[in-house]
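Dear colleague,

Please find the structure for your review below.

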Amino acid sequence: MAEFVYLSLGSNLGDRYANLRAAIERLGEAGAIGAVSSFYETEPVEFRDQPWFLNCVVALETSDSPEALLQRALAIEQEMGRVRMKEKGPRLIDIDILLFGDRVVEEQERGLKIPHPAMHQRRFVLEPLAEIAPEALHPLLRKTARELLADLPAGQVVRLLEPKT
């Protein structure tokens, strides 16, 4: 049975726009792309001495399991040339599963945690998520994307780069 999944994509190396577009196209192999947010330029968090990111959120209807989708996302990252040299460091592409239906998944050995454990703290995730799915519900916090975004303190800069058409 197909479920709606929300994924966050980011890139801060090379042609960021082309990297996001290529990853979105590849994710379409996992199911039907339901929506793609506008692209947002965002300042780095945690490791700040790196180029700014381009971010978006994709809604995907998929029959993949969470584990299979994680493996697919990691394969896309690797095939696109991502090299993990520094945690939170620069990257050609980053694909994170934010929400997978109403599932809660925690598999330590695979590094799979759904909902994404930091999504409620990240404006670069919540701005695009609230744009395409304002009523998407965090299954643990029981708040919508819109509510989580409203709860964020001022801080991280997130600029709309490409209005959705």
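This is a predicted model: local features need pLDDT of at least 70, side-chain atom pairs count only at pLDDT 80 or more; totals for chains, interfaces and linings use all residues.

Along the principal axes, its C-alpha atoms fill a box of roughly 40 × 35 × 35 Å.

Secondary structure and overall contacts

The protein chain has four helices and eight strands. Read from the N terminus, their order is β-α-β-β-β-α-β-β-β-α-α-β. Among contacts between residues at least 6 apart in sequence, 68% join residues at least 24 apart. As to burial, 48% of the 165 residues count as buried. The protein chain exposes about 8,400 Å², of which carbon and sulfur atoms supply 50%.

In soluble globular proteins, nonpolar side chains tend to be buried together. The largest nonpolar core of this model has 25 residues, and Leu7, Leu9, Leu69, Ile95 and Ile97 touch the most other members. Two or more residues of this core come from each of S1, helix H1 (16-27), strand S4 (53-62), helix H2 (66-79), strand S5 (94-100) and strand S7 (112-114). Another core, of 21 residues, lies apart from it; Tyr40, Ala59, Ala145 and Leu148 are among its members.

Beyond its neighbours within four places in sequence, Leu7 is in contact with Leu27, Cys56, Val57, Val58, Leu60, Leu69, Ile95, Asp96, Ile97 and Leu98.

Ser8

With neighbours within four places in sequence set aside, the contacts of Ser8 are Cys56, Val57, Asp94, Ile95, Asp96, Leu98 and Val125.

A nonpolar surface patch

Which residues form a nonpolar patch on the surface? They are Val104, Leu140 and Leu141, which together have about 270 Å² of accessible area. Leu141 is placed in the loop between helix H3 (123-132) and helix H4 (145-151). Its relative accessibility is 39%, so Leu141 counts as partly exposed, a class that lies between the buried limit of 20% and the exposed limit of 50%.

Yours sincerely

Definitions and conventions
Residues are numbered from 1 along each chain as its sequence is written. Side-chain values use heavy atoms; hydrogens and water are left out. Patches are made of residues with over 30% relative accessible area and no salt bridge: like charges are joined within 9 Å, nonpolar side chains (Val, Leu, Ile, Met, Phe, Trp, Tyr) within 5 Å. Accessible areas come from the Shrake-Rupley method with a 1.4 Å probe; for residues, only the protein chains shown count as cover. A salt bridge is a side-chain nitrogen of Lys or Arg within 4 Å of a carboxyl oxygen of Asp or Glu. Buried means under 20% relative accessible area, exposed over 50%, partly exposed in between (1.4 Å probe, protein chains only). Contact means heavy atoms within 4.5 Å. A nonpolar core is a set of buried Ala, Val, Leu, Ile, Met, Phe, Trp, Tyr and Cys residues joined through side-chain atoms within 4.5 Å.
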